[in-house]
Amino acid sequence: MIPVRLPHARLLMAGLPALVLVFLAGCSCSTQTTWPEEDITEEELAHYAANPDFFVYKTIDDLPADLPWTRNDHLPEIGSPKAIRGGTYRARIQDFPRTLRLYGPDSNSSFRPFLLDDIAIRLGHLHPNNPGDHEYYPGLALEWAPDPDTRTVYIRLDPKARWSDGKPVTTEDFFFMFFMFQSPHIRAPWYNNYYGVGVTYDRIIHYDERTFAITMAQLRPDFVGRVLNLVPLPRHFFRELGPDYVQRFNWRFAPTTGAYILTPEELERSRRNRGRITFVRQEDWWANDKPNLRYRFNPDRIRIRVIRDTPKAFELFLAGEMDMFGMNQAEFNFDRLPDHHPLVERGLIHKATFYNDVPRPTWGLWINSARPHLDNNDVRIGINYAANWDLVIQQFFRGEFFRMQTTADGYGSMTHPGIRARPFDPNRAMEHFARAGFTRRGPDGILVNEAGQRLSFNLSTGSEALAGVLTILREEARKAGLDFRIEILDASSNWRKVQEKNHDIALSAFGVSVEMFPRYWETYHSSNAFDVPFLEDGVTPNPDRRPREQTNNLESIAIAELDALIERYDRSESLDEMRELAFKMEEILHEHASFVPGFYMPFFRTAYWRWVQWPDDFNVRFARDPVEMWLFWFDEEKHEETRGTRRGSETFPPSVRIFDHWAVPPREK
């Protein structure tokens, strides 16, 4: 499945992170360009009036005195003062995006980082290089003041903060954010729940146009971050919000707090051509000189070409038509562009491997436990034992990757220390298959039950780059009498299939944000699996339940005991209690066996032309790919110099570097 992501999750829809920049979906463009007049103001104000304890209006005189305002000025600056603005960053996508909407159907795609995740400025941002606690630096906020006794964070907005259309960012934009996320018009049940009244947030208090406060429903250990991570919505732009939101706003570029925009002319051109999309940097961006932002987002333009074929994209990179190329896949790093390649030896193309310290994307097999036979625990456990991930890692990934052990690797002390993924063991797999009734092999070697049904399931992915992984898994699974019918779809089709819960088993991953602790509700609570999971007793499965679409519970897990633990976990105000609960949940998930832990990559690797420049330490501790933090810049003199000598024989100092100062040792088996 990447990105994409709910506020915390980047869906890995199209292969390994940074193999290419992004893989996108096909276009479902609406031809309607004019819409009847709408004004949501009356509905908005009525919603505020109906929820007076959530939407609270006070005066600036009501603001508590002696609040502990902070800007965390002690944190080190992000980026390099040597950075130069200018140039065009040239990247590729596989297909044209389905929508420019940030929320609702088809919005959780790998195009979203350009529109929101990696570009938009939040109230505050987690400092990505701090070796200690999770600390934040200012974004839209000038400063903030946490008050744990009242579970409240007070905010003063930076008076310079502006939307890309020039209008100021105000307190009302945050009020409207909650209103819109609580509205059924956006057709986004995750947002409706998470931002619902009293679920995660208890209230928002208006003091003046630049001063407000947000009270959390619980005093979570990360309560400050839950507030500072918020991104407002431009109230003036969404005035026409209504039942036709999905269609009306499908191809409208919303004003952003970030550096890059799509101009109306570029949007119209790209929709006609669908071969290229270009973002332009705002010359007068409000955060141009703001600490921790001023040395980032350096290119003047981001030009994204639609190139469906990855080998073709790689050839264009070698021809100098793209600035960098993800080298995470071993084939590209060792075979197509080895360190002794002439372009590398001549110093024209540089290579870098950067070890990061982040929660790991959940690469593995996601088993839909609502499907026939897959609803049997012994079948799922057997599939775990029949998956030869060690061979995948040794052959396909050349021994560079490591085996995942749990559903939440990379969270430090919050990751279960004792759980280990089941090893490849065909005999133990067949023992469990036999308990499920699959006791004899058919003429093709695949197990069958008394009814003559073969032990065979669809194994799908949205990444052509991982076809070799599926081939190894299929051939090894046959040793245990298990048949995988391989299905390689485009990223969009695969994402739609798993969101509609029509898959058997999916090779996929969610890439999660850097947080203090893992989340479980989105992926494992029964309310995200079925419309009515249980009967009135709250335990017995409802025989008439229907799958809930457009959620992250891809395994269709509905376990009453797990639900109770998740709800306690989400209410807990103690990190120690949360750790205990997380371990119990991981044990239940391990026994349920609907996730087969696959692999993780302890680094990212990239190749880039010598004109692409980086900070001295290349990137930051919490970076998940080379571009995410936008730390690079272009040396135009080197660009011209390289263009003039690329076909000649002139050489420059070669550069193949490894940055391992943030490397984390793998867990022992």
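Mentor: Happy to! Helices (H or I, at least four residues) and strands (E, at least two) are DSSP runs, numbered from the N terminus. This is a predicted model, with residues numbered from 1 along each chain as its sequence is written, and local features need pLDDT of at least 70. Side-chain atom pairs count only at pLDDT 80 or more, totals for chains, interfaces and linings use all residues, and side-chain values use heavy atoms, with hydrogens and water left out.

Let's start at Ala593, in the loop between α18 and β22 (595-597). Ala593 has a phi near 65 degrees, which is positive although the residue is not glycine. Its relative accessibility is 0%, so Ala593 counts as buried (under 20% relative accessible area; exposed is over 50% and partly exposed in between, with a 1.4 Å probe and protein chains only).

The crossing of α17 and α18 is left-handed, meaning that the near helix is turned anticlockwise from the far one by less than a right angle, with clockwise for right-handed.

Who meets whom? On the α17 side, Glu561, Leu562, Leu565, Ile566, Arg568 and Tyr569 are in contact (heavy atoms within 4.5 Å). Their partners in α18 are Glu577, Met578, Leu581, Ala582, Lys584, Met585, Ile588 and Leu589. By class, this contact has ten nonpolar, no polar and four charged residues (Ala, Val, Leu, Ile, Met, Phe, Trp, Tyr, Cys and Pro are nonpolar, Asp, Glu, Lys and Arg charged, and the others, Gly among them, polar).

The arginine belongs to the loop between β9 (211-216) and α5 (223-228). At 5% relative accessibility, Arg220 is buried.

For comparison, look at another pair: helix α11 (residues 377-386) and helix α13 (residues 426-435), whose axes come within 8 Å and cross at roughly 165 degrees. That makes α11 roughly antiparallel to α13, and their crossing is left-handed. This contact has eight nonpolar, two polar and three charged residues. In the loop between β15 (364-367) and α11 sits His373, another residue other than glycine with a positive phi, near 70 degrees. His373 is partly exposed, at 25% relative accessible area.

A word on confidence: the chain averages a pLDDT of 91, and 94% of the residues score at least 70 (pLDDT is the predictor's confidence in each residue, from 0 to 100). Be careful with residues 1-11 and residues 13-32, where pLDDT stays under 50.

Conventions:
Axes are lines fitted to C-alpha atoms, for helices over the stretch in contact, and angles run from 0 to 180 degrees between N-to-C directions. Angles under 35 degrees count as roughly parallel, over 145 as roughly antiparallel, 65 to 115 as roughly perpendicular and the rest as oblique.
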